[in-house]
Amino acid sequence: METAPTPTHCPYCALQCGMHLTPGPGGVEVTERADFPVNRGALCGKGRTAPALLSSAVRLTSPLVRSGNALVPAGWDEALDRVAAGLAAARTGHGPDACGVFGGGGLTNEKAYALGKFARVVLGTSQIDYNGRFCMSSAAAAGARAFGLDRGLPFPLADVPRTGCLILVGSNLAETMPPALRYLTELRENGGTLIVVDPRRTRTAEQADLHLAPRPGTDLALALGLLHLVVAEGRTDDAYIRERTSGWSEARAAAMAHWPEQVERITGVPVPRLREAVRLFCAPEAAMVLTARGPEQQSKGTDTVGAWINLCLATGRAGRPLSGYGCLTGQGNGQGGREHGQKADQLPGYRKLTDPAARRHVAGVWGVDPDTLPGPGRSAYELLDTLGTDVRALLLMGSNPVVSAPRAAHVEDRLRSLDFLAVADVVLSETAALADVVLPVTQWAEETGTTTSLEGRVLLRRRALDPPAGVRSDLAVLHGLAARLGVEKGFPADPEEVFEELRRASAGGPADYSGITYRRLSEENGVFWPCPAAPAHADPATLGPAPADLATLASPHADPAALAPPGTDPATPTPPHTQATPAPTPPRAPEATHPGTPRLFLDRFATEDGRARFVPVTHRPAAEEPDAEYPVLLTTGRVVAQYQSGAQTRRVAELNAAAPGPFVELHPRLAARLGAAEGDPVAVVSRRGRAVAPARITTAIRPDTVFMPFHWPGAGRANTVTNPALDPVSRMPEFKVCAVRLERAAPDVTPG
């Protein structure tokens with residue numbers, strides 16, 4: 001009998017493309033899932049080849065424990081006993097905060113929730129953060145500061161092709177999210193215009209009507225220069241500013257200090273192109289700005305995103321149909337991963353750990369005294385920087401900081417200095433290879449769980465096949481560790497049971513999932529948050545926006561179905577050893593359910609007064625500018641065939657054939673000064689270290705800048721060179737700009 005295909009979602013980026021999986025004698029087949037509106041059946045090479053990682057030949061299938069200098073197979077009881085003993089020893093010897101927990105933006109909502117609860121209830125530690133700090137934190141901080149709420153996109157992707165102008169800042173969608181490129185194509189086919197801001201002429205920039213190529217680290221000045229011109233040319237929406245915002249006079253004064261000629265000197269973007277960008281952005285009735293890692297991964301990333309938000313607010317392009325600011329979240333669950341408690345300062349439902357009411361609510365769900373919950377801890381890089389000194393034992397899930405962290409050689413040294421390191425992963429990553437215990441865990445196709453896409457759409461990934469016998473889920477790992485550390489209840493291994501508790505914990509918070517169930521996710525192809533639980537016996541016809549304190553839902557008169565093309569989805573246009581009593585399972589959602597919120601802010605913003613906040617910002621240099629010793633700028637990014645640290649994609653033969661190793665992209669003039677030819681090994685040297693890779697010579701990059709992708713370890717590890725200087729608000733490291741010099745490397749050097 002044929003096996004029915006399982007509808008599910010891709011394990012990689014935040015598009016969370018729909019796909020069907022069918023196990024068979026030759027492996028797992030991926031087929032089109034045209035009913036999912038985001039990708040409409042299209043998949044990139046990573047999604048299409050994702051089942052290759054399910055092979056026992058490339059993954060972990062047994063726990064490993066350290067014996068001398070080697071990792072050797074062990075049974076699960078021995079492995080979990082060792083992890084529990086390592087964490088308990090650090091806690092007993094040095095206090096709860098000597099235990100650290102490091103999560104990942106690829107963990108499901110259930111895992112992220114359970115991991116945060118484990119850290120605070122079982123270990124009693126404040127020292128938990130995750131690798132999403134390296135991805136979307138600046139945009140999240142800026143969005144929360146301006147709008148009172150962070151959701152990557154406050155509208156569905158289907159709205160993008162129907163706007164009048166899109167400014168895409170620091171995103172190479174064509175390589176990072178290939179199925180989303182169709183939205184840019186459709187935008188232009190519909191008569192809209194595309195402006196791309198990127199120091200490189202990428203495949204995405206080639207699609208643009210206007211490409212602005214600023215010097216790395218100057219996106220803030222660029223946005224301020226555009227806002228200056230908007231004011232000077234009389235293009236502000238004064239009625240909107242008066243009725244829906246606050247703080248304009250201060251933000252206006254800050255922008256007017258950045259006159260166009262000064263901005264040209266800072267950014268390298270000519271004044272006529274600045275004026276053309278303003279004309280294109282302001283001409284249509286609707287327009288959007290979308291940012292990605294380019295402007296965000298800077299030591300001033302929060303202010304940079306804030307400047308682009310100010311541009312939207314000044315022109316009335318936020319909280320209106322087919323207009324607004326959004327962030328293109330990167331990791332598969334980068335949105336949900338930052339909502340439910342694995343961040344250093346956060347409780348489930350995007351609640352603040354410092355809020356007494358939030359602490360009482362979540363502690364009540366968890367069955368603990370709110371006074372026992374620790375306060376906020378260190379951010380991701382700051383946590384990694386204290387390993388071996390303040391933090392003595394670390395539990396790490398779903399991350400590979402040996403490759404992905406800034407100043408990576410230093411981070412690798414800190415990991416080696418730990419008294420104890422446990423890693424749960426699907427493969428033996430470069431970080432897992434340093435561990436005292438490695439725990440093999442299930443993959444996306446072998447487990448059920450939820451993720452939240454870049455649209456804020458909560459999705460259900462479904463289990464399509466059984467994992468190998470020696471593999472357990474992350475939830476089962478946390479269940480086993482909690483029991484060994486004295487908390488025998490409150491950490492179920494069943495994902496739906498965890499999600500039911502998450503619903504209660506998030507209820508009433510900014511990211512309210514209480515009205516979402518697995519059944520709804522299955523039947524409705526996802527639900528947008530916030531989605532509060534409807535009261536019993538409610539009349540569906542009367543269900544309107546969320547409560548005013550969530551501030552937030554689409555206007556009752558702005559029916560999402562009216563914005564969508566006909567026939568489409570309407571959304572698409574306890575201290576240690578304290579016994580944690582699990583909360584009662586909430587009842588199944590009543591028939592009258594809240595519809596979810598595809599579009600935010602159409603009536604009011606999520607601030608106390610309902611107004612969006614202008615924030616005055618001014619340009620400042622990068623933390624590290626070029627000088628005589630380090631005269632060139634380095635920027636980093638991704639390539640289409642690899643993903644993040646490459647721990648998974650580097651194990652897929654087809655992807656490796658397409659992108660076999662790192663490279664240094666440089667302009668012909670810079671190559672000539674160096675005396676380097678195409679393919680010659682080039683060393684990129686900063687104050688933190690040296691990376692070596694073959695030269696790739698192209699006019700698509702500025703002459704003062706070099707580019708390296710960051711997917712590889714070894715001699716070509718780009719993050720050996722990058723700068724950990726932190727944004728003061730988001731604590732985002734400055735991956736996207738640092739000062740380097742170039743050297744010709746010995747011909748026999750083999751990078752990677």
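Predicted model: local features only at pLDDT ≥ 70, side-chain atom pairs only at ≥ 80, totals over all residues.
Residues are numbered from 1 along each chain as its sequence is written, and side-chain values use heavy atoms, with hydrogens and water left out. Local features need pLDDT of at least 70 and side-chain atom pairs count only at pLDDT 80 or more, while totals for chains, interfaces and linings use all residues.

**Exercise 1.** State the order of the strands in the open sheet of 7 strands and identify its edge strands.

Solution. 
- Strands are DSSP runs of E with at least two residues, and helices are runs of H or I with at least four, numbered from the N terminus.
- Two strands pair if DSSP finds at least two bridges between them.
- The order is β5-β4-β18-β17-β16-β6-β7, with mixed pairing.
- β5 and β7 (128–130) each pair on one side only, and are the edge strands.
- From one strand to the next, the twist averages 20 degrees.

**Exercise 2.** Work out in which sense β4 pairs with β5 and with β18, and in which sense β16 pairs with β17.

Solution. 
- β4 (residues 64–67) and β5 (residues 70–73) are antiparallel, over 4 bridges; Ser67 has Ala70 as its bridge partner.
- Their hairpin has 2 residues between the strands, and Gly68 there takes a positive phi near 65 degrees.
- β4 and β18 (residues 437–440) are also antiparallel, over 2 bridges, with Val65 bridged to Val437.
- β16 (residues 393–397) and β17 (residues 420–425) are parallel, over 5 bridges; here Ala393 stands opposite Phe420.

**Exercise 3.** Describe how helices α2 and α18 are placed on the sheet.

Solution. 
- Contact means heavy atoms within 4.5 Å.
- Axes are lines fitted to C-alpha atoms, for helices over the stretch in contact, and angles run from 0 to 180 degrees between N-to-C directions.
- α2 (residues 76–94) lies across β4, β6 (99–103), β16, β17 and β18, at about 130 degrees to β18.
- α18 (residues 474–484) touches β16, β17 and β18, and its direction makes about 155 degrees with that of β16.

**Exercise 4.** Characterise the largest nonpolar core and name some residues of another core.

Solution. 
- A nonpolar core is a set of buried Ala, Val, Leu, Ile, Met, Phe, Trp, Tyr and Cys residues joined through side-chain atoms within 4.5 Å.
- Buried means under 20% relative accessible area, exposed over 50%, partly exposed in between (1.4 Å probe, protein chains only).
- The largest core has 176 residues, and Phe118, Phe147 and Trp308 have the most contacts inside it.
- Helix α7 (residues 219–232) supplies the largest share of this core, 9 residues.
- Apart from this core lies another, of 25 residues, including Ala380 and Phe735.
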